[in-house]
Structure formats: structure tokens, C-alpha cells
Amino acid sequence: MAAMEQLTDTVWLHGVVTHGFPVAAGVVLGHDRIFVFDTLDSPQAMAPVAELLEGLAAGRRVVVVNSHHHWDHVYGNAAFGGHDIVAHRFCRRLIVAQVGSGGESVPPEPPEGVPLPSIGFGDRLRYEDQVAAVHLIHTPGHTEDSIILYVEQAEVLLGGDTLEWPFPALALRDGREVYLKTLRQLSQLPARLVVPAHGPVMGKEIIDANERYIEDLYAEVKALKRSGVDRAEADLPAESFAPAGAEIDETYRAQHRDNVEWVYDEV
């Protein structure tokens, strides 16, 4: 997704490929506000979004939303200096911890730095707007600070990493029941289009597929562990858990292997 893609009258998408995998950000146009959902991996990556805002802002207040603290969703925050950044109340401290971790899986922060969220919320935050009523909803499962954005009139759900195709990434300790509760909550939304940060625009079938994956994976890993299979020998091919028609590349094979080990430690 090299350029901005207009999904509906009020929703645009912009994506890049970073470290070998695609990640998307969203823009939602309201009457009084314009929302930017995630800022990708650098301020430079958000240049097309900034250009779009120049043409659309027209006195609207810009509200930046971070879906969660992971670097590929927040490292572009500096592209929107001076604007509110909204996130779950846990996100701010988790960004700080991530930037200071020095871990191999976390790239150095951009030279511009990573401005932190200025507004935090708990369970839900709603922005009333005659054009695009926007709901921010806490959806723990991928991480403890994960949130989604739902555009009521357009029936569009921007899912961040809460939803992913073909597999979600499990990163929250003791997360099975939490994640399943989140997915069942999302299935109640009257969403017409669902946009994961990593994956194609889909319908609500992605919610069902993620729920089945988590339930099946926990059941299979638990059975292996009870039968005495060691963690290192817990071989569950990704293809056995893939939704129909899904292609699995090496990135998602590796993610599935990580998920197996994560679940093995939990069950």
C-alpha cells in the first residue's frame, strides 16, 4: 500500500513495509476532528498522511491515536507535534519502557524522538460527531494497552494488532480468557469492514478466525504438554491452524512458533 487508499467517504488507509512486513495506519474524517490511527515506524513514513491532512483539516482538530505501544505503531508520533495523542492509560509507560529496553527486536527510536500520549483513558472513549462518531475501545489480548477505533456511521473497525491475518500474535501473559473476551466483544460491533494493522481489509470473519485460532492452539498445546511432550518438541504446523485460503509466509510461521511456546508456558 504505497499511497493513501480511500476506503469510505470518511476513512483512508496508508501502509508501509517495515522490517519485511506490512503495517497500516488509518485516517478518519469527522466534522470537527480528523483522527490519525497509528503513526507507523517513523515520521517520514507518515508524510502521505500529513499531506492528506493539509487538504482535509480545514479547521478540524487533529487527534492522533496510538493503538498500543509497539514501535511500528508509535515511532511516527513526532510527525504530529502539537496535537493530542490519545492512547490507553498503560501505553505511555510501556512506550517509555520499550524505548529504554535496548532489546534486539526494538529498533532505535527515530532522531525526532517519540512524543508520548498526552491523553489516556481506561475502558472506552467516545468522540461525538455528526459525520463520524468515533469509539476508542480497550481490547487487551495482544498487549495490555491495545485499543481499537470504531467509526459508527461507516461501520469500519480499525483493529491495530488486536486483529491480525492469518494469526494474531500472543504477547500477554495469562491472556487466553482476556483475549477471547475481547474478540467476543468485538464480534458484537456492527462492523462492515475490519482493518487489521497487518493484513487485508476484511469483514468480521477475521474476528471469528482469530478466536478459533486461539481456542484451537490452547487446546492442542495443552494436550501435548499433558502427554509429556517437551516445550522444544511441541511441533504444531502452522498450516493446521490457518484459516481457509490464507497464505502463510515465514514471518507468520515464526509468529506461530512463538505463539506455541508462549502458550506452552501458560497452560
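Buried means under 20% relative accessible area. Keep that cut-off handy for these exercises on a predicted model.

**Exercise 1.** Work out whether L136 is buried or exposed, and find what it touches.

*Solution.* Start with the location: L136 sits in strand β9, residues 134-138. Its relative accessibility is 0%, so L136 counts as buried. Next, skip the neighbours within four places in sequence; L136 then contacts V65, V86, F121, D123, R124, L125, Y127, I148 and L149. For a distance check, take Q185: it lies 49 residues from L136 in sequence, and the C-alpha atoms are 13 Å apart in space.

**Exercise 2.** Check the length of α5 against its number of residues.

*Solution.* Helix α5 covers residues 205-226. With 22 residues at 1.5 Å a residue, α5 should span 32 Å, and its end C-alpha atoms are 32 Å apart, so the two agree.

**Exercise 3.** Describe how α5 packs against α6 (residues 250-266).

*Solution.* Take the geometry to begin with: the angle is about 60 degrees and the axes are 9 Å apart. The pair is therefore oblique, and α5 passes α6 in a right-handed crossing. Now the residues: Y213, L217, Y218, V221 and K225 from α5 meet H256, N259, V260, V263, Y264 and E266 from α6. Sorted by class, this contact has seven nonpolar, two polar and two charged residues.

Then look at burial. Among the buried residues of α5 are Y213, L217, Y218 and V221. The cover over the buried residues of α5 includes α4 (176-187) and β12 (193-196) as well as α6.

How values were computed:
Residues numbered from 1 in each chain as written. Predicted model: local features only at pLDDT ≥ 70, side-chain atom pairs only at ≥ 80, totals over all residues. Heavy atoms only, no water. Axes fitted to C-alpha atoms, helices over the stretch in contact; angles between N-to-C directions. Helix = DSSP H or I, 4+ residues; strand = E, 2+ residues; numbered from the N terminus. Parallel < 35°, antiparallel > 145°, perpendicular 65-115°, else oblique. Left-handed = near helix turned anticlockwise from the far one by under 90°. Contact = heavy atoms within 4.5 Å. Nonpolar A, V, L, I, M, F, W, Y, C, P; charged D, E, K, R; others polar. Expected span 1.5 Å × (residues − 1). Buried < 20%, exposed > 50% of the residue type's maximum accessible area, 1.4 Å probe, protein only.
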